[in-house]
Amino acid sequence: MTTIASMTNMRLKFPGAESLLFEDFSLSFDKGEKVLILGPSGSGKSTLLHVLTGLIPHAVEVPMKADALTIPESWGVLFQDPDSQFCMPYVDEEIAFVLENLQIPREKMKLYINHYLEQVGLEFADTHTKIQTLSGGMKQRLAIASVLALEPEVLCLDEPTAMLDPEGTKLVWDTIKSVGEEKTVVIVEHKIGQVVDFVDRVILLDENGTIIADGPKQTVFDQHSHVLVEQGIWYPGVWEDYMQENDRQMPSPINTAHVKPAVHLSDFSAFRGKVTALHVEEARAYPGEWVTVLGKNGGGKSTLLLAMMNLIKTRGTYHILGQDYKRIKHMAAYVSFVFQNPEYQFVTNSVYEEIAFSLHLAKWDQEAISQRVNQMMTIYHLEEHKHTHPYQLSMGQKRRLSVAASIVKEQPIILLDEPTFGQDAKNTFAILEQLEQLRAKGTTIIMVTHDLNIVNYFATKVWEIDHGKRVKESSALNYIETLQQAVNS
């Protein structure tokens, strides 16, 4: 076999970190291999891809040394955060930028652009569309299209479907499997069910970035199943094991007969510029309900949450705990919000201060702040990063910090936009358990997600969003039963 990329005795440490992330780390990849890198959040999986492609240290200045480092001649990398990947403001220009560097004639570019967009299931009436107007899932597809346009010899994929709906996830993986058949493909992914059949090798890292196992996939899964459990890494059947071990029962629908809604929307519209982006004819969410908002990428799920936080222009009836939202001076006193992109909400220079920020505004005393923040850091496994700048965290750690900072005051209504994407199993369950404790005390949870396991095991109600409309409401139990009947028919 021909070695296409390798590193020998690599040592790497992020500025401000107390210890090395990788120490005397050696690894090689052969041409044509399909490799899955597994490990808990913060174990260095994304960093490893950046070293493998030479982005670290050549483009991103991170202190590192290696006795030897071989970088592929032709590679493409998909970042975990698609916004950090784009170079141009418009969809067509983003792919055209790649084609220009490949010296594709201008008269052929439109054909190429449409081809790569079609490969990832993106359709536009006009491809000259601003990228900033796309949903997170649509951005992720565009980022994949731009990487495929490179026609690279080596594909490095960092959770390429984390923000995609189930249909989009299958489409993208089918595309990657097709175009990657003759390529070397290195994958970091939590949703391993879609890729297990594609990869032939698994590398298993522990929380300190040390290789625990490296070999054929079935050998690693068979011989190190206990490590997957201990490290909180996703594996087939983990949800069933979790429910059984914790003796959890699926939640029952809330009896709302004599309860006033925490949220009431009626003839409610949200706007992007002058265009109506979302309309809700009628919707209610009650204290103690866990509402999951489902729908295809670009359907308006995130728009709904932004509208409910009054962050975009709205019109219509919207009552929060019986009050007209237009008369509420401080929305954050009643509603907390977790953005889809955690970096959008960071305002301080350390993990501790980020969680403490809203408590300072609420004039909590210092002792109470310290106690509460330390509690939240423990719950979300951030205690070792107390003094770390939020931007220096891994994506999974950033997401946990954004959740912790948003719900630290325990407002009566919590809006969350895909809070578990990019998380390992252990931290996903930690987030969900904390939210469940709040729901049991009467908190109303409204969560955008693509994870049907959350619907099945935690939600009480489902709102379906399609083409900018809330088209259907059902109990979580009925939704899952209908889904199963459709699959079986």
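Me: At roughly what angle do the axes of helix α5 (residues 136-148) and helix α6 (residues 166-179) cross?
Reply: In this predicted model, the axes of α5 and α6 come within 12 Å of each other. Because angles under 35 degrees count as roughly parallel, α5 is described as roughly parallel to α6. The crossing angle itself is roughly 10°.

Me: How do the residues of the contact of α5 with α6 divide into nonpolar, polar and charged?
Reply: From α5, the residues Arg141, Ile144 and Leu148 take part, and they meet Gly168, Leu171, Val172, Thr175 and Val179 of α6. Since Gly is counted as polar and Arg as charged, the contact divides into five nonpolar, two polar and one charged.

Me: Is each face of strand β3 buried or exposed?
Reply: Strand β3, which spans residues 34-38, is mostly covered, with five of its five residues buried. On one side lie Lys34, Leu36 and Leu38, while Val35 and Ile37 lie on the other, and the residues of both faces are all buried.

Me: Which residue of strand β8 (residues 184-188) is the bridge partner of Lys34?
Reply: Strand β3 pairs with β8 in the parallel sense, over four bridges. Within that pairing, the β8 partner of Lys34 is Val185.

Me: Which residue is the bridge partner of Val35 in β9?
Reply: Strand β3 is also joined by four bridges to strand β9 (residues 201-205), and the two strands run parallel. Val35, a buried residue of β3, has as its bridge partner in β9 the residue Arg201.

Definitions and conventions:
Residues numbered from 1 in each chain as written. Predicted model: local features only at pLDDT ≥ 70, side-chain atom pairs only at ≥ 80, totals over all residues. Heavy atoms only, no water. Axes fitted to C-alpha atoms, helices over the stretch in contact; angles between N-to-C directions. Parallel < 35°, antiparallel > 145°, perpendicular 65-115°, else oblique. Contact = heavy atoms within 4.5 Å. Buried < 20%, exposed > 50% of the residue type's maximum accessible area, 1.4 Å probe, protein only. Pairing = 2+ DSSP bridges.
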